[in-house]
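Hi,

Here is the structure I promised to pass on to you. Have a look at it first, and then read on for my notes on what turned up.

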There are 2 protein chains.
Amino acid sequence: MKKFSIGIDVGGTNTAIGVVDENGNVLTKGGIDTPSHGDIDRYIKDMAKAVRDMIKSVQLTNSEAEIIGVGIGAPNGNYYNGTIEYAPNLSFKGVVHLVDLLKKEFPEYKDIALTNDANAAAIGEKIYGGAQKMDNFVMFTLGTGVGSGIVVDGDLVYGNDGFAGECGHTTLIPGGRLCGCGAKGHLEAYTSAPGMKRTAFEIMARDNAVDSALADKSFTELTSKMIYDAAIQGDKVAVEVFEQTGKYLGQALADTVHHLAPEAIFLFGGPTAAGDLIFKPVKESMEEYLLPIFKNKIKILPSELSMGDAAIVGASALVWKEKEK
Amino acid sequence: MKKFSIGIDVGGTNTAIGVVDENGNVLTKGGIDTPSHGDIDRYIKDMAKAVRDMIKSVQLTNSEAEIIGVGIGAPNGNYYNGTIEYAPNLSFKGVVHLVDLLKKEFPEYKDIALTNDANAAAIGEKIYGGAQKMDNFVMFTLGTGVGSGIVVDGDLVYGNDGFAGECGHTTLIPGGRLCGCGAKGHLEAYTSAPGMKRTAFEIMARDNAVDSALADKSFTELTSKMIYDAAIQGDKVAVEVFEQTGKYLGQALADTVHHLAPEAIFLFGGPTAAGDLIFKPVKESMEEYLLPIFKNKIKILPSELSMGDAAIVGASALVWKEKEK
């Protein structure tokens, strides 16, 4: 009997679904639209059908395949309640009891669990990735937002209400940039993809950088991918964006270290592909803010989850984690 | 058989020792000098003698008394190793194996454990105080420094190396006030007793506050107690010090909430006696920085440990916590 789990990643426009083995290999994957209509029942039917088709296709090539459960990563996902709660980028209103609804579709699976995407990535790192031998580490995900997942003594920290690990909303600069959440100066406003864009425009404005490769893009047009490409080509503004982003992040990571004293902090997401361009300033800046007892002790590591499949793989890891309990 | 534990609090100049019952009542207490001579063996002999004398006196009045262990709170205390490591305010150099040394003196006690003072206070709150029914909370101690102890799922977070919970050294204002640890802008430089003094002098300088009750004190003379007394009398500068200290602390507490989503944050230490003068700005400021999902959810509570005995009581609680394992 070979065991597999289903990983589902609920995104703003697309819901990715995959069948994952115990080593984190994705056997097959696909997806459905995350609806804009807000009709949760129809969404669940679509999801259940896609999952069943996928299981069938796996069982065609592997008659021994046993599916042991379903793991879901979702924005504002609440592990304790199995709910998505007031997710600003989804069309569903209020609290969606996704796990209960899926359990009705799949009564045969005991383990159906849900958490937010960054928590899922942290569990993915623990089950399949670079944190397999670590009991205390933190995962930071850099993307449209900045997410985090905290592991203490081998288990994910969910906190009192299931929402722990929102380090993207710690304050980096009091009274600073407006954050998407409405507060000012949060980390996410500086080190997310839109945050990097804002930094690029600040630098161009400061230096009147008409020669930069980024100078002919409007505020709407400029993407973090363009900044990345320009940085790799040595564009001065783009390189400074990565350096400054690293400094910002390093300051925040020091705060996380002072809370949790982790063995390592993993970074996941597009900007990490820039390697030293981002990791070097992150490390230097973090060290600057650390207490002597923590200096030169905390590893900053790139996630070992493969970029394309990480969301599915992370979500599927939830199931193996449930099995441990 | 009535059970008691010994609580020892290692301070910069004095080491307090007490015998504590299962409800956190201190039966008897005393102390020895924390030596300035750096001779650890002599210190251990003094400590062991004081503990033995204390146990004898308890057993005189209570022949049924059974001592079940020794808990120690100490600066830079490392729970995993039972050590005090590079404590800047103690005369002992490097790493002191305090638990091992005490075990040689008291082979009859299985449970001898050590952690830092703020962690001990957090365990004290859990075992005897306001957190008895809470599994996720954080303790902040406001004194000469700013310490913290983090409880997740009922257990104290020690992190990878035993030093977790140093929230006093998270960055409040990047590039801000010089902290005792050498870094800039740490919380401790703003909300410790010396931090409050610095705030008082900033306000007096800004307002040319010659009429303030604090105006005739030198920088060396002014204490946080004087600021407290003046604030209670309605002195404008002193009241603003509390308000500003509350704002600073609230910002930092929001960061802690975004990490850990605790049920409550407990505040311990002198300034908490000012009640609303400090709690109100703390709450308002924290709420301002919080994500909507956390707003109006997190309790900010005064510690229920009695100020005078908290260090001993907290340390003694370590023993009952060990017994649970």
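Let me start with the domains of chain A: taken over C-alpha atoms, the centres of domain 1 and domain 2 of chain A are separated by 28 Å. Please keep in mind throughout that this is a predicted model. In the domain assignment, domain 1 of chain A covers 2-129 + 308-324, while domain 2 covers 137-302.

How do the two domains of chain A meet? On one side 14 residues of domain 1 of chain A take part, and they are in contact with 13 residues of domain 2 of chain A. The element that gives the most to the domain 1 side is helix α3 (residues 117-127) of chain A, with eight residues. By class, that side of domain 1 of chain A has seven nonpolar, four polar and three charged residues.

Next, the contact between the chains. Chain A puts in 38 residues, and 38 residues come from chain B. On the side of chain A that touches chain B, at least two residues each are supplied by β10 (146-152), α7 (236-260) and α8 (276-289) of chain A. Of the elements there, α7(A) gives the most, with seven residues. The side of chain A that touches chain B is made up of 20 nonpolar, eleven polar and seven charged residues.

Helix α5 (residues 193-207) of chain A packs against α7(A) at an angle of about 125 degrees, and their axes are 9 Å apart. Angles from 65 to 115 degrees would count as roughly perpendicular and those over 145 as roughly antiparallel, so α5(A) and α7(A) are oblique to each other. The crossing in which α5(A) passes α7(A) is right-handed. From α5(A), the contact is made by A:Met196, A:Thr199, A:Ala200, A:Ile203 and A:Met204, and from α7(A) by A:Val237, A:Glu240, A:Val241, A:Gln244 and A:Thr245. Sorted by class, the contact of α5(A) with α7(A) has six nonpolar, three polar and one charged residues.

Chain B has a helix pair to look at as well. The axes of α5 (residues 193-207) and α7 (residues 236-260) of chain B come within 9 Å and cross at roughly 125 degrees. α5(B) and α7(B) are therefore oblique to each other, and α5(B) passes α7(B) in a right-handed crossing. Residues that meet here include B:Met196 and B:Ile203 in α5(B), and B:Val237 and B:Val241 in α7(B).

Finally, some strands. In chain A, strand β2 (residues 14-21) and strand β3 (residues 26-33) pair in the antiparallel sense over seven bridges. Opposite A:Ala16 stands A:Gly31 in β3(A). Four residues lie between the strands in the hairpin of β2(A) and β3(A), where A:Gly24 takes a positive phi near 85 degrees.

In chain B, three strands form an open antiparallel sheet in the order β5-β6-β7. β5 (77-78) and β7 (95-96) of chain B stand at the edges with a single partner strand each, so one side of each has no neighbour in the sheet. Strand β6 (residues 83-85) of chain B and β7(B) are paired over two bridges, in the antiparallel sense. There, B:Glu85 stands opposite B:Val95 in β7(B).

Happy to go through any of this with you.

Best wishes

Technical notes. Residues are numbered from 1 along each chain as its sequence is written. Chains are lettered from A and ligands numbered from 1 in the order in which they are written. This is a predicted model: local features need pLDDT of at least 70, side-chain atom pairs count only at pLDDT 80 or more; totals for chains, interfaces and linings use all residues. Two residues are in contact if their C-beta atoms, placed from the backbone, lie within 7 Å. Ala, Val, Leu, Ile, Met, Phe, Trp, Tyr, Cys and Pro count as nonpolar, Asp, Glu, Lys and Arg as charged, and the others, Gly among them, as polar. Two strands pair if DSSP finds at least two bridges between them. Domain bounds come from an automatic or database domain assignment. Axes are lines fitted to C-alpha atoms, for helices over the stretch in contact, and angles run from 0 to 180 degrees between N-to-C directions. Angles under 35 degrees count as roughly parallel, over 145 as roughly antiparallel, 65 to 115 as roughly perpendicular and the rest as oblique. A crossing is left-handed if the near helix is turned anticlockwise from the far one by less than a right angle, and right-handed if clockwise.
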